[in-house]
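Subject: Structure for your review

Dear colleague,

Please find below the structure that I promised to hand over. My notes on it follow directly after the display.

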Amino acid sequence: MQLTINCNGQVLDISKPQVMGILNVTPDSFSDGGHFNSINNALAQAEQMIIDGATIIDIGGESTRPGAKDVAEHDEIERVIPVLKAIKQHFDVVVSIDTSKAKVMREALEHGAGIINDVRALQNENCLATVAQFEVAICLMHMQGLPRSMQNSPHYNNLFDDIILFFEQRILACQKVGIKKEQLIIDPGFGFGKTLEQNYQLLTDMNKFMQLGLPMLAGLSRKSMIGNLLNRDVDERLAGSLTTAILAAQQGAKIIRVHDVKETVDALKVLDKVSLSR
Ligand code: 9MG
């Protein structure tokens, strides 16, 4: 299994699970209410996440929540690139850009982004050709449908087989344009076109995706699958989020995408201690 990932010139150690801190720069971000939209606020939040132990900062300029509105390319670039530039100027951290737009990807890669985190797995126009020009890490996430409608009536013939087939097809599409398998990360896409039961089946047996031989990313933090199970509002989901982070890491996830960096880093340290003592 791969121990490092090349992130556009930076090397990310994945010998142990890494924490990716979420930095939303959208006015309608569900967890920060848009308070971090100014560059200084975004920088301060990134700094705190780095102090708390995040080794990756994931900047997103378009919400992917169910029902979220589309954002124009120009607006997304205006939101994301100044924050990316400021973070790269101040901190030695891998920056991931959560986008599905080729132009945003190109701008971000030219300004030092190390990971492209695409919930549409590079299926939009020109995305494959754009990222193929860089030695960047790419997170291919599985989603059934689109954010506007994905939770309407998700259906799978076989949940795991369907998602594995999707990854195999996306890996092949990447390889066809010259993207190497070692650049890829896979993510089952918790909450993206899955029922509550399907989300928990994925979490129970996430290790099945290890057969693809790629590092896995898990994004579970504060998601509805936690809120709906526990009947908790978004700001009351820490215990549930930490539990899911540990379950994912135990099954081989190498990147855990979270809002609550400090608490997740602590939880992963305890897990690491127990694993090392075995
Ligand atoms: C942007 N975004 C929101 N949820 C996500 C998840 O679960 N995984 C990834 N890779 N990105 C996500």
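In these notes, two residues are in contact when heavy atoms of theirs lie within 4.5 Å. Please bear in mind that this is a predicted model.

By that criterion, and setting aside neighbours within four places in sequence, Phe-209 is in contact with Phe-160, Ile-163, Ile-164, Phe-167, Ile-186, Pro-188, Leu-202 and Met-216. Phe-209 also belongs to the largest nonpolar core, which has 73 residues. Ile-59, Ile-87, Ile-97, Leu-122 and Phe-209 are the members with the most contacts inside this core. Helix H5 (residues 159-176) supplies the largest share of the core, namely 9 residues. Another core, of 13 residues, lies apart from it and includes Ile-14, Ile-115, Cys-139 and Ile-255.

I turn now to the ligand. Cys-139 is also one of the residues that surround the ligand, as are Thr-64, Asn-117 and Phe-192. The shell around the ligand is made up of 5 nonpolar, 3 polar and 4 charged residues.

Which distances separate polar side-chain atoms from the ligand? For Asp-187, an N or O atom of the side chain is 2.5 Å from a nitrogen atom of the ligand. Lys-223 places a polar side-chain atom 2.6 Å from a ligand oxygen atom, and for Arg-257 the distance to a ligand nitrogen atom is 3.5 Å. On its own the ligand has 310 Å² of accessible area, of which the protein covers 96%. Strand E7 (137-141) and strand E9 (216-219) are the elements that each give two or more residues to the shell.

Yours sincerely,
A colleague

Key. Residues numbered from 1 in each chain as written. Predicted model: local features only at pLDDT ≥ 70, side-chain atom pairs only at ≥ 80, totals over all residues. Heavy atoms only, no water. Near = heavy atom within 4 Å. Polar contact = N/O pair within 3.5 Å; in protein donor to acceptor, adjacent residues only side chain to side chain. Areas by Shrake-Rupley, 256 points an atom, 1.4 Å probe, with all protein chains shown as cover. Helix = DSSP H or I, 4+ residues; strand = E, 2+ residues; numbered from the N terminus. Nonpolar A, V, L, I, M, F, W, Y, C, P; charged D, E, K, R; others polar. Core = buried A, V, L, I, M, F, W, Y, C linked by side-chain atoms within 4.5 Å. Buried < 20%, exposed > 50% of the residue type's maximum accessible area, 1.4 Å probe, protein only.
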